[in-house]
Amino acid sequence: MPDDYLKNDVAEIEEALRSLSVLSGKLLELAKAEGGGALSQSQQDLVPILAMIARDFEAQAPGRVVLSLPEREVNSFLDPDAFAILVRNLIENALKHGSRSEPVKINLNDNGVLRVCNGGARVPPEQLALLRNRFARAKTDAAGSGLGLAIADAIAKGAGMTLHLRSPATGRQDGFEAELNLACI
Ligand SMILES: Nc1ncnc2c1ncn2[C@@H]1O[C@H](COP(=O)(O)OP(=O)(O)OP(=O)(O)O)[C@@H](O)[C@H]1O
Ligand SMILES: [Mg+2]
């Protein structure tokens, strides 16, 4: 039926536009991250920001986000907006590339070390080493353009921090883990 074909075409165009808009958003984030400026003038407590971001993801993926926060403040010179972009990319990755049947663990400890961990197939070392390059992707069923880790890495570098990527995740035989020390600057 012509009507059905039309509806299909419209849905496909809508989907293509959505992906283009996500892609251009990520390209802008990358350009900004690579331009530097990930440091702010004064230290800010990043705990409430992480709590808010985790709540947003929990609303989108109920039951899949396990958050553990420190008792005290984690003050950092990392710009709060840059931190939000970085951590959103890590959590988004863990939810979409990780095993659907396991929770994503987000842990910020008293020393300011942030870890985002998920289950799922191990990423081989030779692929892991390339993931922070723009447009690099390992085996995954999820959609994406390979920019999230390039953005996260550029923000971390711009603030003088090191983003560590591990697979398997610490203490496991599988999974993936991203780690960043927020209090090191
Ligand atoms: N938490 C994770 N668990 C397993 N694999 C991951 C994880 N994070 C990233 N990866 C692998 O690294 C690749 C690169 O991640 P990156 O965030 O740069 O791109 P993407 O998520 O594929 O796309 P985009 O972020 O642009 O939407 C992913 O395609 C996936 O193969
Ligand atoms: Mg991503």
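Which helices each supply at least two residues of the shell around ligand 1? In this predicted model, α3 and α5 do.

## Around ligand 1

The ligand 1 shell holds 22 residues. Asn93, Ala138, Gly144, Gly148 and Phe176 are the closest. Helix α3 gives the most, with four residues.

By type, the shell residues split into 11 polar, nine nonpolar and two charged.

## The nonpolar core

In soluble globular proteins, nonpolar side chains tend to be buried together. Here the largest nonpolar core counts 42 residues. Ala82, Leu86, Leu90, Ile91, Val116, Ile151 and Ile155 have the most contacts inside this core. Three helices, α2 (47–60), α3 (80–97) and α5 (148–158), each supply at least two core residues. So do the strands β4 (104–108), β5 (113–118) and β7 (176–181). The largest share, eight residues, comes from α3.

Take Leu86 as an example. Leaving aside residues up to four places away in sequence, Leu86 touches Ala152, Ile155 and Ala156.

## The sheet

Strands of a sheet pair through backbone hydrogen bonds, either parallel or antiparallel.

Strands β4 and β5 run antiparallel and are joined by four bridges. Leucine 108 has leucine 114, in β5, as its bridge partner.

How values were computed
Residues are numbered from 1 along each chain as its sequence is written. Chains are lettered from A and ligands numbered from 1 in the order in which they are written. This is a predicted model: local features need pLDDT of at least 70, side-chain atom pairs count only at pLDDT 80 or more; totals for chains, interfaces and linings use all residues. A nonpolar core is a set of buried Ala, Val, Leu, Ile, Met, Phe, Trp, Tyr and Cys residues joined through C-beta atoms within 7 Å. A residue is buried if 20 or more other C-beta atoms lie within 10 Å of its own, exposed if 12 or fewer, and partly exposed in between; C-beta atoms are placed from the backbone. Two residues are in contact if their C-beta atoms, placed from the backbone, lie within 7 Å. A residue is near a molecule or strand if its C-beta atom, placed from the backbone, lies within 6 Å of it. Ala, Val, Leu, Ile, Met, Phe, Trp, Tyr, Cys and Pro count as nonpolar, Asp, Glu, Lys and Arg as charged, and the others, Gly among them, as polar. Two strands pair if DSSP finds at least two bridges between them.
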